[in-house]
Amino acid sequence: MSVFQRVPCLLGLAGLPALLTAQSTGLTTSDLSVRVRSEGSQPIPGARLKLRQEGAGISRTYTGGADGHCLVRVLTAGSYVLRVEAPGFQAREFRNVTLRVGSTHSLEATLVPEARATVEVIGDASSLELQRTQPAAILETAELLNLPIARRNFADLSLATPFATTARTPINAGAPDSGLSFGGAGARQNSFLIDGLDHND
């Protein structure tokens, strides 16, 4: 049985304290940015977005703004099905919308007028993250479980990313460090966060 909720756009989950919402966004959750346009790239105001998380049985409905944009915050990372509807237009459904932790995913939804539409377009959604300017990488669960760790140190899993390498600088005054260099920075310049909390030293 699915749980159906109607949630206004641009808001987080109702009832959560503001501080908790602020700490959660971008650290343990994901955001989804959707722009609804016509074939002529004109924004479609007031579009209705139905978002369903696969396997969770939870559905929510959002309403886009006058500019055709809807930003949904504080979503659990995972795979979603997104259905976009607007009066006078053929509905469109996106499957396998994958949201990753700590990221904002952007999606363009182009709708076809009902009078011209003959086939509903259904396919995988290719989402792009346009807000992040710094390099970033996410290790999937399968990699975390199956990759070997020579030093039995979880931080060594970062060496599977393209911009991490083993640090070549000597230990400073006997103080231990991560032994890792990101983008050429020294090992003592790293910062480790677990669920948003400082876990350095």
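Me: What is the mean pLDDT of the protein chain?

Reply: pLDDT is the predictor's confidence in each residue, from 0 to 100. The chain's mean is 77, and 74% of its residues reach 70 or more. Residues 1–7 stay under 50 and have 15 contacts beyond four places in sequence, a contact being heavy atoms within 4.5 Å. Residues 10–26 are also below 50, with 13 contacts beyond near neighbours in sequence. Where pLDDT is low, the predicted coordinates should not be read in detail.

Me: What makes strand 3 and strand 6 a pair?

Reply: Strands are DSSP runs of E with at least two residues, numbered from the N terminus, and two of them pair if DSSP finds at least two bridges between them. Strand 3 (residues 48–53) and strand 6 (residues 78–85) are joined by 6 bridges and run antiparallel, so they meet that definition. Within this pairing, leucine 49 has valine 84 of strand 6 as its bridge partner.

Me: How many bridges join strand 6 to strand 7?

Reply: There are 6, and these strands run antiparallel; serine 79, for instance, is bridged to threonine 98 in strand 7. Their hairpin has 6 residues between the strands, and glycine 88 there takes a positive phi near 85 degrees.

Me: Why are strand 5 and strand 8 called edge strands?

Reply: The open sheet of 3 strands has the order 5-2-8, with mixed pairing. Strand 5 (69–75) and strand 8 (104–111) each pair on one side only. Strand 2 (residues 30–38) is joined to strand 5 by 5 bridges, antiparallel, with leucine 32 partnered by valine 72.

Me: Is histidine 105 buried or exposed, and how do you know?

Reply: Histidine 105, in strand 8, has a relative accessible area of 6%. Buried means under 20%, exposed over 50%, and partly exposed in between (1.4 Å probe, protein chains only), so histidine 105 counts as buried. A polar atom of the histidine 105 side chain also lies 2.9 Å from the backbone nitrogen of arginine 100.

Terms used:
Residues are numbered from 1 along each chain as its sequence is written. This is a predicted model: local features need pLDDT of at least 70, side-chain atom pairs count only at pLDDT 80 or more; totals for chains, interfaces and linings use all residues. Side-chain values use heavy atoms; hydrogens and water are left out. Helices (H or I, at least four residues) and strands (E, at least two) are DSSP runs, numbered from the N terminus. A polar contact is a pair of N or O atoms within 3.5 Å; within protein, one must be able to donate a hydrogen and the other to accept it, and residues adjacent in sequence count only if both atoms are side-chain atoms.
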